[in-house]
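Trainee: I would be grateful for a close look at one part of this model, with an account of how the residues there are placed and then of the parts around it.

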Amino acid sequence: ILVYGAGVLGGNLASNLYRQGKDVTLLARGKWYEEIKRNGLSIHHYFGRKTNVKIPVINGLRSDDRYDVIFVVVRYTQIDSVVQPLKDNASRNIVFVGNNLKTDELTSALSEKTVLFAFAMSAGHREKDYIRSVSLNKITVGNTKGTSSQENFIRNVFSGTNFKVVYESNMTDWLICHAASVIPIAFACYYANGDIKKLRRDKVYVNRIMDATIAAYTVLEDNWHEIMPDSDKDFRNPKFKKKYLPFYQFIFATKLGKLCTSDHAMNAVDEMSALNRDFK
């Protein structure tokens, strides 16, 4: 397994798989590559644990490097730059992990490969010599509508680990719907200059966030996209906002919520802007 990208998501994915016995190599760049090569990959977990693994690390992908699967875990704004190296590489199975509104484009650009998409449940930020994060060891992964299911292959990749794998056969709509809920939260973080505790009692603004997601879902459904997950299909129901109000109050009131939302949003303005642009 190659994990292409050593940020929060990639670092957690690589570390978790490696510590559970998988044959994993991590691709990192620059000083971060040198740090991991010299001292190992260190992760300080939100719930108190610290891990360090001397994981194999490389700083580039050669055309003759061959892996059973490459998990591409780079920021949305960096995806285009990795397409050609992946195209030139001999490996056949590619899984893009993270926010992504280019599923059709990437599937077409890498038409000779098996291309899947995923979203891993981890968050945090990177310090100089370690990653500070929370990881739930859960990943939603699958193919796009109309392409062949690779569920058996994916379950084999994660077999023997404690990852909860949710396989999804319509990742295009899953990721679009995810963006519909992520973008308003990111803009809320900018509205509060990263201090999201300011919003915990601002019910008017929290309602605006939910209104934005509902408006986005409405446009998506009117244009024949499936609303996902199933728990959001009732978004037209007046009780929908009441159901999610405690969730928003939690993320705006806790350190865990800050780690999962504003820590990323404040360090990825370019990514959130690009996601917002492409969603529109």
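Mentor: A residue is called buried under 20% relative accessible area, exposed over 50%, and partly exposed in between, with a 1.4 Å probe and protein chains only. The areas themselves come from the Shrake-Rupley method with that 1.4 Å probe, and for residues only the protein chains shown count as cover. The model is predicted, so local features need pLDDT of at least 70 and side-chain atom pairs count only at pLDDT 80 or more, while totals for chains, interfaces and linings use all residues. Residues are numbered from 1 along each chain as its sequence is written, and side-chain values use heavy atoms, with hydrogens and water left out. Helices (H or I, at least four residues) and strands (E, at least two) are DSSP runs, numbered from the N terminus.

The phi of Trp-224 is near 70 degrees, a positive value in a residue other than glycine. Trp-224 counts as exposed because its relative accessibility is 79%. Pro-229 is joined to Met-228 by a cis peptide bond, with omega about 0 degrees. As background, most residues other than glycine have a negative phi, and most peptide bonds are trans.

A salt bridge is a side-chain nitrogen of Lys or Arg within 4 Å of a carboxyl oxygen of Asp or Glu. Glu-226 forms such a bridge with Lys-233, the closest N and O atoms being 3.2 Å apart. Glu-226 counts as partly exposed at 31% relative accessibility, and Lys-233 likewise counts as partly exposed at 38%.

A positive phi is found elsewhere too. Asn-193, which is not glycine, has a phi near 50 degrees. Its place is in the loop between α6 (171–191) and α7. Asn-193 is exposed, because its relative accessible area is 62%.

On the surface, Lys-197, Arg-200, Arg-201 and Lys-255 gather in a patch of positive charge. Patches are made of residues with over 30% relative accessible area and no salt bridge, like charges being joined within 9 Å and nonpolar side chains (Val, Leu, Ile, Met, Phe, Trp, Tyr) within 5 Å. Lys and Arg count as positive and Asp and Glu as negative, whereas His and the chain ends are not counted; the place of a charge is NZ of Lys, CZ of Arg, CG of Asp or CD of Glu. Of these residues, Lys-255 lies in helix α9 (residues 255–260) and counts as exposed at 63% relative accessibility.

To return to salt bridges, the structure holds 14. One of them joins Arg-38 to Glu-35, with the closest N and O atoms 3.5 Å apart. Both residues lie in helix α2 (residues 30–39), three residues apart, about one turn of the helix. Arg-38 counts as exposed at 52% relative accessibility, whereas Glu-35 is buried at 12%. Another links Arg-155 with Glu-151, at 2.9 Å between the closest N and O atoms. Arg-155 and Glu-151 are separated by about one helical turn because they are four residues apart in helix α5 (residues 151–157). Arg-155 is partly exposed at 37%, and Glu-151 is partly exposed at 30%.

The strands remain. Two strands pair if DSSP finds at least two bridges between them. Strand β9 (residues 131–142) runs parallel to β3 (residues 41–45), joined by three bridges; in this pairing Ile-43 has Ile-131 as its partner. Strand β8 (residues 114–126) runs antiparallel to β9 over nine bridges, and Ala-120 stands opposite Ile-139 there. β8 and β9 form a hairpin with four residues between them. β9 also pairs with strand β10 (residues 164–168) in the parallel sense over five bridges, with Gly-142 and Glu-168 as bridge partners.
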